[in-house]
Amino acid sequence: MMNEILKPETLNIPTPSDFSFEECLAHLMRSEQETVHQVIDHSIYKAIKIDDDEPILFIIDWKPDALHVRFPFTTPSAKQKEQTASFIIEWFDLTTDLNGFYELAKHDPILSPIVQNHYGLRIMGIPNLFEALTWAIIGQQINLTFAYTLKKRLVEKYGDYVEYEGKKFYTFPSFEMVASLTTDDLRALQFSTRKAEYIIGIAQLMQGGKLDKDILFKLETFEQKHLYLTTIRGIGPWTADYVLMKSLQESSAFPISDVGLHNALKKQLNLDRKPTMDELKELAERWKGWQAYATFYLWRSL
């Protein structure tokens, strides 16, 4: 696949037949406060850092059966192009074969109408583990609007950026940068003391080599990865499931206590209450192996 992608000047990343750029775009456009990517005139603009170099800006457009990627003001090296392609493939979850999920959904009364409405949606991931963990912690016990406000402040204060056509395109702050901060630095952005401690603590763990994706990937089972994460201060079961779903592409992740999941199920089942824990466990069993995709489509239904 990679040889097809690495053409001169641009990247062309083939997409599966069951891929909808429109659905993925709808997810990426869910907040006007988003700072780590921008959607402008149906194109996705994103800056990433590779090997601590200056940020690279790329623009993704949709061409039939492929994501067309261009670099507006840099000529990336072969390595930079390869890593950009790998990032995008992971970001859009392009290597997962969804036939099993669609077959399951076809016979499931909850999932069937949602999948018909949003067919081709992929789990839009967060390949950067530190970003995924930080975003999950930011979102704990606050509404989504304020979570985006906090993220925007963090990114604009401590992230790098490139300028293009009068706009700034930010990268998420590195764990090395955040590891050097104090809780007062984050409290100045309106983070709670507890969340500031959690995020800085995780950044310091990553700086010390005690937490990264390689460590998690070496653990054989989903349960082992989940347990490893939940031993870290600030990471409860919901945060672990969210991060395993969004950053490690674990299709069995099921954030059972998620408010959005509860609200979506309440709506789909026409309940006058939220689903009980027993009902949620029964659904998780029914969707075994595809709980993450079931959750993502239920979120989309809202």
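Me: Which residues do ring pairs link into a cluster together with Phe19?

Reply: In this predicted model, ring pairs join Phe19 with Phe21, Trp62, Phe87, Trp91 and Phe92 in a cluster.

Me: How is a pair of aromatic rings described, and how many aromatic pairs are there here?

Reply: Two quantities describe a pair of aromatic rings: the distance of the centres and the angle of the planes. In this structure the count is 22 aromatic pairs. One of them is tilted: phenylalanine 73 and tyrosine 164 lie 5.8 Å apart, centre to centre, with 35° between the planes.

Me: Which parts does the pair of phenylalanine 73 and tyrosine 164 tie together?

Reply: Phenylalanine 73 is in the loop between β5 (66–70) and α3 (78–91), while tyrosine 164 is in strand β6 (residues 161–164), so the pair connects parts that are 91 residues apart in sequence. Phenylalanine 73 is partly exposed, with 41% relative accessibility. Tyrosine 164 has 19% relative accessibility and counts as buried, because buried means under 20%.

Me: What are the distance and the angle for the rings of phenylalanine 130 and phenylalanine 175?

Reply: Their centres are 6.5 Å apart and their planes stand at 75°, so this pair is edge-to-face. The pair links distant parts of the chain, 45 residues apart: phenylalanine 130 belongs to helix α6 (residues 129–138) and phenylalanine 175 to helix α8 (residues 175–179). Phenylalanine 130 is buried at 2% relative accessibility, whereas phenylalanine 175 is partly exposed at 23%.

Me: Over which rings do lysine 46 and lysine 151 lie?

Reply: Lysine 46 is placed over the face of tryptophan 91, 5.4 Å from the ring centre. Lysine 151 has its charged end over the ring of tryptophan 135, at 4.8 Å from the centre of that ring.

Me: Let us turn to the spaces inside the model. How many cavities of 30 Å³ or more are there, and what lines the largest cavity?

Reply: A cavity is a space where a probe fits but cannot get out. There are two cavities of 30 Å³ or more. The largest cavity holds about 190 Å³ of space. It is lined by 19 residues, of which His37, Trp91, Gly125, Ile126 and Glu131 are the closest to its centre. Two or more lining residues come from each of α2 (21–28), α3, α6 and α7 (144–158). By class, this lining has nine nonpolar, four polar and six charged residues.

Me: Which element gives the most to the lining of the second largest cavity?

Reply: That element is β3, with three residues. The second largest cavity has a volume of about 30 Å³, and its lining residues include Thr35, Tyr45, Lys46 and Phe169. Five residues of this lining are nonpolar, three are polar and one is charged.

Me: Which residues are the closest to the centre of the largest pocket?

Reply: A pocket, in contrast to a cavity, is an open set of points. The largest pocket has a volume of about 1,100 Å³. Of its 35 lining residues, Lys49, Asp51, Asn128, Leu129 and Phe175 are the closest to its centre. The largest share of the lining, four residues, is supplied by α3. The lining of the largest pocket divides into 17 nonpolar, seven polar and eleven charged residues.

Me: What is the volume of the second largest pocket?

Reply: The volume of the second largest pocket is about 850 Å³. Leu144, Trp238, Asp258, Gly260 and Trp299 are the closest to its centre among the 25 residues that line it. Its lining comprises 13 nonpolar, eight polar and four charged residues.

Methods. Residues numbered from 1 in each chain as written. Predicted model: local features only at pLDDT ≥ 70, side-chain atom pairs only at ≥ 80, totals over all residues. Heavy atoms only, no water. Phe/Tyr/Trp six-rings, centres within 6.5 Å; stacked < 30°, edge-to-face > 60°. Buried < 20%, exposed > 50% of the residue type's maximum accessible area, 1.4 Å probe, protein only. Lys NZ or Arg CZ within 6 Å of the ring centre and 35° of its normal. 1 Å grid on protein atoms, 1.4 Å probe; cavity = no way out; pocket = protein on both sides within 12 Å on 5 of 7 lines; lining within 4 Å. Points joined across faces, edges and corners; volume = space filled by probe spheres on them. Nonpolar A, V, L, I, M, F, W, Y, C, P; charged D, E, K, R; others polar.
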